Amino acid sequence: MLPKGERPAFASLSVVVLILVFCLQVMGCTTLGTQRLERYLAQGNALMAAGDHEGAIELYRSVLQAHPQQRKIRYNLALAFVQAGNPDAALEELSRLDAQADHRNVTYLTAIGGVAAASGKGGRAIEAWKRVLELDPLDVKVRELLVDELARQQAFSEAYRYAAEAFRLGQFSKELFAKLAELEVRSGSGDGNSWKLLEENHT
């Protein structure tokens, strides 16, 4: 486990890109309105696939000047910023989407957490992922990310509480029991032995 605050700047770029692409697949296609806008989207995706992130950013920005409410294109712009190594700009675009959705869209919030965590903004990530779990308590992946980030910030009692909630929700796994055992000790809540026993006997 890394000491508090010890994280290479934007070291988890590949993880963030995977989170963003997964969220993009979940979003699906929004109604772009015209075939011209659909062509712009395809062109931007082709530029990103070719590694021309700056070209994709320029294209997406030009489309948004004329169509500022196109959320799919703004989301792709955020992804292009991530791949270009500019997490602050990505967070700005994702925050705009989050505000448009009245902070109730788990896709945007999950992505905000991923970009923020990977760029060393653990507090922002924790805030976003907590909001996701308010909206969807059964999101196993986000709960895991939140628990890990809280532990990285040495907020062991809070991390233990969120991990224990996964147990109460029936999200059993050997990994969860092992994490609960460690966090129970680190938080001073117990010796972790009961969780270790569950880990040993879980199939």
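Buried, in this report, means under 20% relative accessible area, exposed means over 50%, and partly exposed lies in between (1.4 Å probe, protein chains only). At 46% relative accessibility, Asp-88 therefore counts as partly exposed. The model is predicted, so local features need pLDDT of at least 70 and side-chain atom pairs count only at pLDDT 80 or more, while totals for chains, interfaces and linings use all residues. Residues are numbered from 1 along each chain as its sequence is written, and side-chain values use heavy atoms, with hydrogens and water left out.

Asp-88 belongs to helix 5, residues 87-100; helices here are DSSP runs of H or I with at least four residues, numbered from the N terminus. The C-alpha atom of Asp-88 lies 8.3 Å from that of Ser-119, although 31 residues separate the two along the chain. The buried residues of helix 5 are Pro-87, Ala-89, Ala-90, Leu-91, Glu-93, Leu-94, Leu-97 and Asp-98.

How do the lengths of the helices work out? The expected span is 1.5 Å times one less than the number of residues. For the 14 residues of helix 5 this gives 20 Å, and the end C-alpha atoms are 20 Å apart, which agrees. Helix 4 has 13 residues and reaches 18 Å from its first C-alpha to its last, close to the 18 Å expected.

Two residues in the loop between helix 5 and helix 6 deserve a look: Asp-102 and His-103. Asp-102 has a positive phi of about 60 degrees although it is not a glycine, and His-103 likewise has a positive phi of about 60 degrees without being a glycine. Asp-102 is exposed, with a relative accessible area of 52%, whereas His-103 is partly exposed at 37%. Just after helix 4, Gly-85 takes a positive phi of about 80 degrees.

**Two helix pairs**

Axes are lines fitted to C-alpha atoms, for helices over the stretch in contact, and angles run from 0 to 180 degrees between N-to-C directions. Contact means heavy atoms within 4.5 Å.

| Helix pair | Angle | Axis separation |
|---|---|---|
| Helix 5 and helix 6 (residues 106-118) | about 160 degrees | 9 Å |
| Helix 10 (residues 174-186) and helix 11 (residues 193-201) | roughly 165 degrees | within 8 Å |

Angles over 145 degrees count as roughly antiparallel. Helix 5 and helix 6, at about 160 degrees, are therefore roughly antiparallel. Their contact involves residues including Ala-90, Leu-91 and Leu-94 of helix 5 and Leu-109, Ile-112 and Val-115 of helix 6. Helix 10 and helix 11 cross at roughly 165 degrees, which makes them roughly antiparallel. Among the residues that meet here are Phe-177, Leu-180 and Ala-181 in helix 10 and Trp-195 and Leu-198 in helix 11.

**The core**

A nonpolar core is a set of buried Ala, Val, Leu, Ile, Met, Phe, Trp, Tyr and Cys residues joined through side-chain atoms within 4.5 Å. Which members of the largest one touch the most other members? Of its 55 residues, these are Tyr-60, Leu-94, Trp-129, Leu-146, Leu-180 and Leu-183. Helix 4 (residues 71-83) gives the most to this core, with eight residues. 11 of the 13 residues of helix 4 are buried, so this helix is largely enclosed by the rest of the structure. Leaving aside residues up to four places away in sequence, Leu-180 touches Tyr-160, Ala-163, Ala-164, Phe-167 and Trp-195.

Note on methods:
Angles under 35 degrees count as roughly parallel, over 145 as roughly antiparallel, 65 to 115 as roughly perpendicular and the rest as oblique.
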